[in-house]
Amino acid sequence: MPIIDADVHHQYPNVDALAPYLPDHDAAKVFFPNAGIGNPRGGMRKDAVPPGGGVPGSDPRFMVEHHLDAYGVDYAILNPGSPLALGGLPFEDMAADVASATNDWTVHEWFPVDPRYLGSILVAPRDPQRAAAEIHRMASNPRMVQITMTSSPCLMGDRYMHPIYQAADEVGLPMCLHVGGADAGVNFGSYFGGAPSSFIQHHVGMCIPALAHVVSMVLEGVFEKFPNMHLVLNEFGVTWLPFLMWRLDMEYRAGREDVPWLKRMPSEYIREFVHFTTQPLETPDRPKDIVTLLELVGAQDMLLYSSDYPHWDFDSPKYVLSGFPADWKPKIMFENSLKLFRLRERGLALGAFAAAV
Amino acid sequence: MTATQPVDTVTIPLRDLPPGARQVVTVGRREIAVLNVAGTIHAVSNLCPHQRAPMVAGTVGGTRLPSDVGEFTYGLAGQVLRCPWHTYEFDLTTGRCLADPDRLKLNVYRVEQTDTEVVIHV
């Protein structure tokens with residue numbers, strides 16, 4: 001079966017890799033805040049170190065062999081792993097420069113290596129105007145299939161963020177929110193109601209901001225105002241979806257006058273505009289229970305397979321959907337991504353992949 | 001790797017497996033990770049029961065034992081093999097996953113060790 005992997009992390013070998021792409025050519029001045037609580041067991045797969053040594057995910061040729069070829073991945077959507085904490089950097093200009101440099105590094109140093117690599121336009125959301133400019137600068141490259149950020153300085157429906165969505169809407173690219181920056185640097189880890197005290201707490205708690213952002217975006221009318229923009233929630237889990245949809249619709253029946261701009265039930269916006277990457281997929285004791293739950297909200301049309309290579313919690317495409325119905329697997333493994341990222345329209349679904357789909 | 005006959009044992013020269021070394025031996029369809037941990041040889045199935053990650057690439061160490069709230073007791077030094085992907089912990093002597101021992105288990109193979117060779121019973 002064809003595979004589109006919607007979340008693969010490429011890493012800088014070190015921050016000097018950005019030097020050719022930074023305006024002042026001084027990579028030594030770039031730094032990243034701590035991304036919440038680090039994993040004491042290490043953040044990377046132990047078997048993903050390139051043969052010459054160095055950071056897992058930093059060698060584009062080794063990634064081809066170790067991930068794309070090994071699992072038969074037809075397209076891998078790269079989401080830069082090194083700057084996951086970027087949104088917690090308080091210096092808007094440095095953050096925006098790093099985002100631009102990272103995008104150029106992706107295009108110049110990863111895309112030429114293999115046509116299966118696709119990219120994400122990294123933006124630094126603390127300066128929405130510069131983020132919008134960056135989206136327009138990069139969107140002409142058809143291999144840049146989404147916009148990405150790892151945290152938001154406010155609830156994502158807030159008007160402060162709308163310049164970014166305006167740009168996304170104009171260029172017709174989905175907006176991806178990836179975990180990683182919500183408790184980094186100045187983003188202060190308050191999403192739990194307090195700061196967690198262990199990595200396992202942090203890693204469960206990472207899911208929580210997504211609920212607040214979806215509520216905010218739906219109710220602020222983001223998907224009415226910017227109907228060309230979809231949202232991809234990357235690594236936030238998915239089985240909380242029935243709760244959120246049912247609760248939103250229930251509240252809407254009572255509080256509709258607060259949000260008179262909505263034209264449909266809140267859950268209908270989620271069903272049409274919000275997409276979820278699979279990894280890390282919740283694992284109930286009885287594997288079929290997750291299928292029952294997801295079917296209740298039609299999640300088989302909203303899920304995008306992702307591996308999270310080379311991170312420690314990588315989900316193998318061979319096993320992660322093993323309990324799922326046969327007619328869900330092609331949707332989740334590639335059809336939903338093919339459609340959302342408009343690969344055919346971008347002239348990307350070619351060759352053997354085109355024949356297979 | 002030396003897979004000698006008969007097929008129910010595999011013999012490896014001890015010089016090929018000094019302390020800290022590990023290797024994979026394949027017997028039929030079985031992949032076995034063989035590890036020398038400070039002079040003790042362990043042989044367990046190489047494929048993690050969760051998502052078939054290669055256990056030979058995992059880390060060996062100790063861990064925190066079950067304890068009362070707020071207490072940390074270190075133990076099982078050199079006896080815990082941790083999956084290279086999702087960091088599940090397996091006891092090398094029993095094969096059981098520390099967090100879910102009834103459901104997740106590595107096969108453990110009996111090992112005989114002489115001065116010159118290691119014999120694994122499959």
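Tutor: Let us begin with burial: buried means under 20% relative accessible area, exposed over 50%, and partly exposed in between, with a 1.4 Å probe and protein chains only. This is a predicted model, in which local features need pLDDT of at least 70, side-chain atom pairs count only at pLDDT 80 or more, and totals for chains, interfaces and linings use all residues. Residues are numbered from 1 along each chain as its sequence is written, chains are lettered from A and ligands numbered from 1 in the order in which they are written, and side-chain values use heavy atoms, with hydrogens and water left out.

Student: Why does A:V320 count as buried?

Tutor: The relative accessibility of A:V320 is 13%, and the limit is under 20%, so A:V320 counts as buried. A:V320 is found in the loop between β8 and α11 (329-340) of chain A; helices (H or I, at least four residues) and strands (E, at least two) are DSSP runs, numbered from the N terminus.

Student: What does A:V320 touch, not counting residues up to four places away in sequence?

Tutor: A:V320 touches A:L281, A:Y305 and A:D315, where contact means heavy atoms within 4.5 Å. A:T278 is 42 residues from A:V320 in sequence, with 8.6 Å between them in space, C-alpha to C-alpha.

Student: How do you know whether A:S337 is buried or exposed?

Tutor: A:S337 has a relative accessible area of 0% and is therefore buried. A:S337 belongs to helix α11 of chain A and touches A:I4, A:A6, A:L304 and A:R342, residues up to four places away in sequence not being counted. Its C-alpha atom is separated by 8.2 Å from that of A:Y305, 32 residues apart along the chain.

Student: Which residues of helix α3 (residues 128-138) of chain A are buried, and why are they said to line one face of the helix?

Tutor: They are A:P128, A:A131, A:A132, A:E134, A:I135 and A:M138. Seen down the axis of α3(A), these residues fall within an arc of 160 degrees, so they line one face; the arc is that of the directions from the helix axis to the C-beta atoms. Their cover includes α2 (92-109), β3 (117-122), β4 (144-149) and α4 (162-171) of chain A.

Student: What makes the buried residues of α10(A) line one face?

Tutor: In helix α10 (residues 288-296) of chain A, the buried residues are A:I290, A:V291 and A:L294. Down the axis of α10(A) they fall within an arc of 100 degrees, so they line one face of the helix. The face turned away from the buried side of α10(A) carries the exposed residues A:K288 and A:L296, while the cover of the buried residues includes β8 of chain A.

Student: How are helix α8 (residues 241-255) and helix α9 (residues 266-273) of chain A packed, and what makes α8(A) oblique to α9(A)?

Tutor: Their axes are 7 Å apart, at an angle of about 140 degrees. That makes α8(A) oblique to α9(A), because angles under 35 degrees count as roughly parallel, over 145 as roughly antiparallel, 65 to 115 as roughly perpendicular and the rest as oblique. The axes are lines fitted to C-alpha atoms, for helices over the stretch in contact, and angles run from 0 to 180 degrees between N-to-C directions. Residues making the contact include A:L244, A:L248 and A:Y252 of α8(A) and A:I270 of α9(A).

Student: Why is one side of β1 (4-8) and of β8 (303-304) of chain A left without a neighbour in the sheet?

Tutor: An open sheet of eight strands, with parallel pairing, has the order β1-β2-β3-β4-β5-β6-β7-β8 (chain A). β1 and β8 of chain A stand at its edges, each with a single partner strand, so one side of each has no neighbour in the sheet. Two strands pair if DSSP finds at least two bridges between them; β4(A) and strand β5 (residues 175-178) of chain A have three bridges, in the parallel sense.

Student: Why is strand β1 (residues 9-13) of chain B called largely enclosed?

Tutor: Five of its five residues are buried, so β1(B) is largely enclosed by the rest of the structure. B:T9, B:T11 and B:P13 point one way from β1(B), and B:V10 and B:I12 the other way. β1(B) pairs with strand β9 (residues 117-121) of chain B in the antiparallel sense over five bridges, and B:V118 in β9(B) is the bridge partner of B:I12.
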